[in-house]
Amino acid sequence: MLTEAQHAAYRNDGFIVVPDVFSAGEIAELRAVTEEFVRNSAAVAANDDIYDLEDSHSAAEPRVRRIKTPHAHHEAYKRASRHPAVVAILEELWGSVRYDTGKLNLKSAGYGSPIEWHQDWAFYPHTNDDLAAVGIMLDDFTMENGPMLVIPGSHHGPLHDHHGPDGCFCGAIDPEVAGLDLTRAVPCLGKAGSITIHHVRAVHGSATNFSGLERRFLLYQYRAADAWPLLGFKDGIEKFDELLLSGEPTLVPRLAPVPVRLPLPPAANQVSIYENQRATGRRYFAAADMPSAVAAE
């Protein structure tokens, strides 16, 4: 599925964009389902188990910034999470594939919320770092509509602190304290139907969508079969093995010398990365209520 150049780019940079993985028909279905979810959010007044809402959300003008665990709420999302081409690509990288979870980040035209710089590894450390997130572009991703930005090679570097001033996990890096060279960040651009694959330790973030173009990003998390979550799996071994998409189940986790900092004490508001990141008082990317597209603080 992947060329040798793509394999090398993933190893060296920690991310790749693969075009034309999902067909036009598959993307059309996912868009239609997503639009239905947004319409239905008009009946929801606050964040719940399905919706993370924009501050400006209302019944008259429904605005959703995230659909949580979409695979659990619609068959089209579940099929996408187990797409044969995605599984085949990850199998090339690791030899085995186990599903984890997912989310759909909606950056609506003109106000879609940013996500501050972070590493996914900080949220769910495992016994080894053969983990990645696969992002499905439901729209064309351009420089204008808030694409994901990744710092190449950052997956080879340290695990940065994701705790806030109160000592609780907040899910965001302070770029100044961490000494991040943000001038090196590369946008992940592509046509609808393309996917991104980014390593679990890669530093990434995305700006507010101030453009007139939608930017909907369906993200699924995966891991190798022998990567075990250090914080445990609350649903038990049977449910854990039901998530296996390729390879054989094992009771022997592979231990690798990877940096780990546990996401504890937990954030006050566990259900929303947006709220937790904002609560720190640190903001690199401008929000819709700020005058400029990007503001470094």
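In the predicted model, Arg254 and Asp130 form a salt bridge in which the closest N and O atoms are 2.7 Å apart. Because Arg254 belongs to the loop between S12 and H7, whereas Asp130 belongs to the loop between S5 and strand S6 (131–137), the pair ties together parts that are 124 residues apart in sequence. Both partners are partly exposed, Arg254 with a relative accessible area of 32% and Asp130 with one of 21%. Arg254 is also among the residues touched by Asp226, together with Thr127, Asn128, Thr250, Val252 and Pro253, when residues up to four places away in sequence are not counted. Asp226 itself is found in the loop between strand S11 (215–223) and helix H6 (237–242), and with a relative accessible area of 19% it is buried, since the limit for that class is under 20%.

The structure holds 15 salt bridges, and another of them joins the side chains of Arg216 and Asp139 at 2.6 Å, N to O. Arg216 lies in strand S11 and Asp139 in the loop between S6 and strand S7 (148–150), so that this pair ties together parts that are 77 residues apart in sequence. Here both residues count as buried, Arg216 at 9% relative accessibility and Asp139 at 6%. In the salt bridge between Asp235 and Lys234, by contrast, the closest N and O atoms are 3.3 Å apart; Asp235 is partly exposed, with a relative accessible area of 44%, and Lys234 counts as exposed at 81%.

Arg216 is also touched by Ile136, whose other contacts, leaving out residues up to four places away in sequence, are Phe22, Ile27, Ala80, Ser194, Ile195, Phe217, Leu218 and Tyr220. Ile136 is one of the residues with the most contacts inside the largest nonpolar core, which has 39 residues; Phe22, Tyr77, Ile195, Ile197 and Tyr222 are also in this group. The largest share of this core, six residues, is contributed by helix H4 (residues 84–94). A second, separate core of 11 residues includes Trp117, Leu149, Val203 and Phe285.

Trp117 is in turn touched by Leu182, which also contacts Ile151, Pro175 and Tyr284, again not counting residues up to four places away in sequence. Leu182 is placed in the loop between helix H5 (175–178) and S8 and is buried, with a relative accessible area of 18%. Its C-alpha atom is 9.0 Å in space from that of Val150, although the two residues are 32 residues apart in sequence.

Among the strands, S5, S10, S7 and S8 form, in that order, an open sheet with antiparallel pairing. Since strand S5 (115–118) and strand S8 (186–187) stand at the edges with a single partner strand each, one side of each is left without a neighbour in the sheet. S5 is joined by two bridges to strand S10 (residues 204–206), where Ser206 stands opposite Ile115. Elsewhere, three antiparallel bridges join strand S2 (residues 51–53) to S3, with Leu53 opposite Val64, and S3 also pairs in the antiparallel sense with strand S4 (residues 97–107) over three bridges, Asn105 being the bridge partner of Arg66. Five of the five residues of strand S3 (residues 64–68) are buried.

Definitions and conventions
Residues are numbered from 1 along each chain as its sequence is written. This is a predicted model: local features need pLDDT of at least 70, side-chain atom pairs count only at pLDDT 80 or more; totals for chains, interfaces and linings use all residues. Side-chain values use heavy atoms; hydrogens and water are left out. Two strands pair if DSSP finds at least two bridges between them. Helices (H or I, at least four residues) and strands (E, at least two) are DSSP runs, numbered from the N terminus. Buried means under 20% relative accessible area, exposed over 50%, partly exposed in between (1.4 Å probe, protein chains only). Contact means heavy atoms within 4.5 Å. A nonpolar core is a set of buried Ala, Val, Leu, Ile, Met, Phe, Trp, Tyr and Cys residues joined through side-chain atoms within 4.5 Å. A salt bridge is a side-chain nitrogen of Lys or Arg within 4 Å of a carboxyl oxygen of Asp or Glu.
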